[in-house]
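Visitor: I would like to learn how to read the features of a structure one at a time. Could you take me through this one, giving the general idea before each case?

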Amino acid sequence: MDLHVRYEGDDDPQKCTAKKLERFDLATLHSVKRSVPYGLVLDPFADKALSPADRESTDTLVAMDSSWESASAEQFEIDGIHRALPFMLAGNPVNYGNPYQLTTVEAFAGALVILGEREQAEFLLSKFRWGQTFLDLNEEPLERYAECTDSAGVVAVQNEYLDR
Ligand SMILES: C[S@@+](CC[C@H](N)C(=O)[O-])C[C@H]1O[C@@H](n2cnc3c(N)ncnc32)[C@H](O)[C@@H]1O
């Protein structure tokens, strides 16, 4: 899938995972909203969870890279199909083990696995020393989300993890 990032640029560029993806030519960064192409927008404020059914709608995945401190619903006012990611744990050293607050590369990778593009997910994560940790931590839920047919199924699986 084509990966695009609405880039706010308020995080340390040395640590920013979107910047690193750009350096490897794996994602395109956009500093203005209007240049972001229409696609599936990874949006933690969205009402609907991403599911394999979304794969049919587009070949374009969009994330919004800003620091979590400044992330607001307004920043996600991007034209596209907005989806939240279901329960997953961060594998990066800054937020290790925390649910939902993923880095941009983790969000892309989790979404790609759910959408049936595991190879691309593994390739992105291979550029990060902790990348495999993300896949290991979330192996079982990711596999189960990827087997669901729709968003309701993904939410039902997610609820099993939240109830534990
Ligand atoms: C807030 S930025 C933080 C990026 C961080 N500075 C980095 O270097 O990767 C992470 C982005 O990944 C996506 N993302 C992360 N967790 C998500 C979730 N639970 N649901 C949907 N999208 C999510 C969103 O596009 C979000 O804006």
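Visitor: At which residues does UniProt place the feature "binding site"?

Guide: A word on the source comes first: this is a predicted model, in which local features need pLDDT of at least 70 and side-chain atom pairs count only at pLDDT 80 or more, while totals for chains, interfaces and linings use all residues. Residues are numbered from 1 along each chain as its sequence is written. UniProt positions are given in this numbering, with feature names shortened, and annotations may be inferred rather than shown by experiment. With that caution, the unreviewed UniProt entry puts "binding site" at T17, L85, Y100 and T104.

Visitor: Where do Y100 and T104 lie, and is each of them buried, partly exposed or exposed?

Guide: Helices (H or I, at least four residues) and strands (E, at least two) are DSSP runs, numbered from the N terminus. For burial one counts the other C-beta atoms, placed from the backbone, within 10 Å of a residue's own: 20 or more make it buried, 12 or fewer exposed, and a count in between partly exposed. T104 lies in helix α2 and is buried, because it has 24 C-beta neighbours inside 10 Å. Y100 belongs to the loop between β5 (81-83) and α2, and it is partly exposed because 14 other C-beta atoms lie within 10 Å.

Visitor: Which residues is T104 in contact with, leaving aside its neighbours within four places in sequence?

Guide: A contact requires that the C-beta atoms of two residues, placed from the backbone, lie within 7 Å. By that criterion, and with those sequence neighbours left aside, T104 is in contact with V5, T17, A18, A63 and D65.

Visitor: How many residues surround the ligand, and which are the closest?

Guide: A residue is near a molecule if its C-beta atom, placed from the backbone, lies within 6 Å of it. Here 23 residues surround the ligand, and the closest are T17, L42, L85, T103 and A107. At least two residues of this shell come from each of α1 (17-23), β4 (60-65) and α2 (104-114), and β4 gives the most, with three residues.

Visitor: How does that shell divide into nonpolar, polar and charged residues?

Guide: Ala, Val, Leu, Ile, Met, Phe, Trp, Tyr, Cys and Pro count as nonpolar, Asp, Glu, Lys and Arg as charged, and the others, Gly among them, as polar. The shell around the ligand then has 13 nonpolar, six polar and four charged residues.

Visitor: Which residues of helix α5 are buried, and why do they line one face?

Guide: An α-helix has 3.6 residues a turn, so residues three or four places apart point the same way. In α5 (residues 139-146) the buried residues are P141, L142 and Y145. Seen down the helix axis, these buried residues of α5 fall within an arc of 100° (that of the directions from the axis to the C-beta atoms), so they line one face of the helix. E139 and E140 are exposed on the other side of α5, while the cover over its buried residues includes α2 and α6 (151-163).

Visitor: How many helices and strands does the protein chain have, and what pattern does the chain follow along the sequence?

Guide: The protein chain has six helices and five strands, and along the sequence they follow the pattern β-α-β-β-β-β-α-α-α-α-α. The radius of gyration, taken over C-alpha atoms, is 14 Å, close to the 15 Å from the globule rule (2.2 Å times the number of residues to the power 0.38) for 164 residues, so the chain is as compact as a globular protein of that length. Buried residues make up 37% of the 164 residues.
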